[in-house]
Structure formats: structure tokens, C-alpha cells
Amino acid sequence: MSRSLARTLLVLMLALVTWPALAVNPDEVLRDPALEQRARHLSGQLRCMVCQNQSIDDSNAELARDLRVLVRERIAGGDSDSQVIDYIVSRYGEFVLLNPRVSSKTMALWAAPGLLLVIGGIAVVVFLRRRRPDQPELRLTAEEQARLDALLTDDRP
């Protein structure tokens, strides 16, 4: 590999490594480091509604920026972490949480694959049992077999 290609790849990798760090703008950062750390922790738990597989802390979308600002305003206003999360969830729904809370809805979601697997297994067992004949196999008598052989070997048109 040429030296210039190696340098180009190194610069590209370093640029991509710092990509998530560019999401939080300097004007959003709280002056108190403890509050800022709480805000970063909370914004790492909230899903960007535009990107959907990124936290608002990692996203550059405008909605993510608005949510980061909202989280910081609530923290600066004296809300606890759970109050901030509850407020965001009340406005955007449970989908905004990257790690959903345990509830009857999420339990049903997590249990559904296992339940479907068990139902499928039962269906396979029932299907295979119905395929087996319940009655003993019927065999031809010697006389019936001889008659069948005669019919099969008959060369009539």
C-alpha cells in the first residue's frame, strides 16, 4: 500500500471516529459539568425520532438538537432524571426510549417469539401424529394378491 493511501485512510478513520462527538453543539453544553454529564447520560438513552437507531446524543438532526436542548432545560430547571425521561415520554411516547421500560406491552413483545415457537412446535407434533395411521396396515390376502397380479400381467388391449 502506498504511503499516501495509508495517510488518506488514517485521516478518514480519525474523522469517522470523531463523528458522534460532533452531534452536541458547544452552545448546548451546560456550564456545570455535573449537570452536563447527567444531560449526556440522559440523551444517550433517548432515540432520535428521525434517525431511529441513534441516540439524540449522537444525531445531528434538528429534532435531536431540540430534544437535547429540552433535556438540558429540564435538568437546569431542577428536574430529576426520571422526571426528564417521563416528560419526554409523555410528549413522544415509549418509542423515544432506546431501552424500553418493562410493562405489559413490552412483556408481550418479548414473549411473542417464544410463544410462537412453542405454538409452532405443538402444531408440528399434532401434524406428525395425524399423519400416522391409527389403524393397522391392511394387507391383501393371498387370493387377492394373485388376482391383482393376474390383472396387472393381462395383456389385453
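Visitor: In this predicted model, what share of the contacts with a separation of 6 or more comes from residues 24 or more positions apart?
Guide: A contact here means heavy atoms within 4.5 Å. Among contacts in the chain with a separation of 6 or more, some join residues 24 or more positions apart. Their share is 52%.

Visitor: Which elements make up the chain, from the N terminus on?
Guide: The chain has six helices and zero strands. Read from the N terminus on, the order of elements is therefore written with the helix symbol alone. That order is α-α-α-α-α-α.

Visitor: What percentage of the residues is buried?
Guide: A residue counts as buried if its relative accessible area is under 20%. The chain has 157 residues. Buried residues make up 20% of them.

Visitor: How much of the accessible surface belongs to carbon and sulfur atoms?
Guide: The accessible surface of the chain is about 12,400 Å². The part that belongs to carbon and sulfur atoms is 61%.

Visitor: Which residues form a nonpolar patch on the surface?
Guide: One member, Leu5, lies in helix α1, which covers residues 3-17. Leu5 has 42% relative accessibility, so it counts as partly exposed. Together the members of the patch have about 260 Å² of accessible area. They are Leu5, Leu9 and Leu12.

Visitor: Are Glu36 and Arg72 buried or exposed?
Guide: The cut-off for buried is under 20% relative accessible area. Glu36 has 9%, so it falls below that cut-off. Arg72 has 3% relative accessibility and is therefore on that side of the cut-off as well. Glu36 is buried, and Arg72 is buried.

Visitor: How many residues apart in sequence are the parts tied together by Asp81 and Arg38?
Guide: The side chains of Asp81 and Arg38 meet in a salt bridge, with 2.7 Å from N to O. Asp81 lies in helix α4 (residues 81-92) and Arg38 in helix α2, so the pair ties together parts of the chain that are 43 residues apart.

Visitor: Which class of accessibility do Asp81 and Arg38 belong to?
Guide: Buried means under 20% and exposed means over 50%. Asp81 has a relative accessible area of 28%, and Arg38 has 26%. These values lie between the two cut-offs, so Asp81 and Arg38 are partly exposed.

Visitor: Over which ring does the charged end of Arg74 sit?
Guide: A related case is Arg47, which lies over the face of Phe95 at 4.4 Å from the ring centre. For Arg74, the distance to the ring centre is 3.8 Å. The ring belongs to Tyr87.

Key
Residues numbered from 1 in each chain as written. Predicted model: local features only at pLDDT ≥ 70, side-chain atom pairs only at ≥ 80, totals over all residues. Heavy atoms only, no water. Helix = DSSP H or I, 4+ residues; strand = E, 2+ residues; numbered from the N terminus. Buried < 20%, exposed > 50% of the residue type's maximum accessible area, 1.4 Å probe, protein only. Areas by Shrake-Rupley, 256 points an atom, 1.4 Å probe, with all protein chains shown as cover. Patch = residues over 30% accessible without salt bridge, like charges linked within 9 Å, V, L, I, M, F, W, Y side chains within 5 Å. Salt bridge = Lys/Arg side-chain N within 4 Å of Asp/Glu carboxyl O. Lys NZ or Arg CZ within 6 Å of the ring centre and 35° of its normal.
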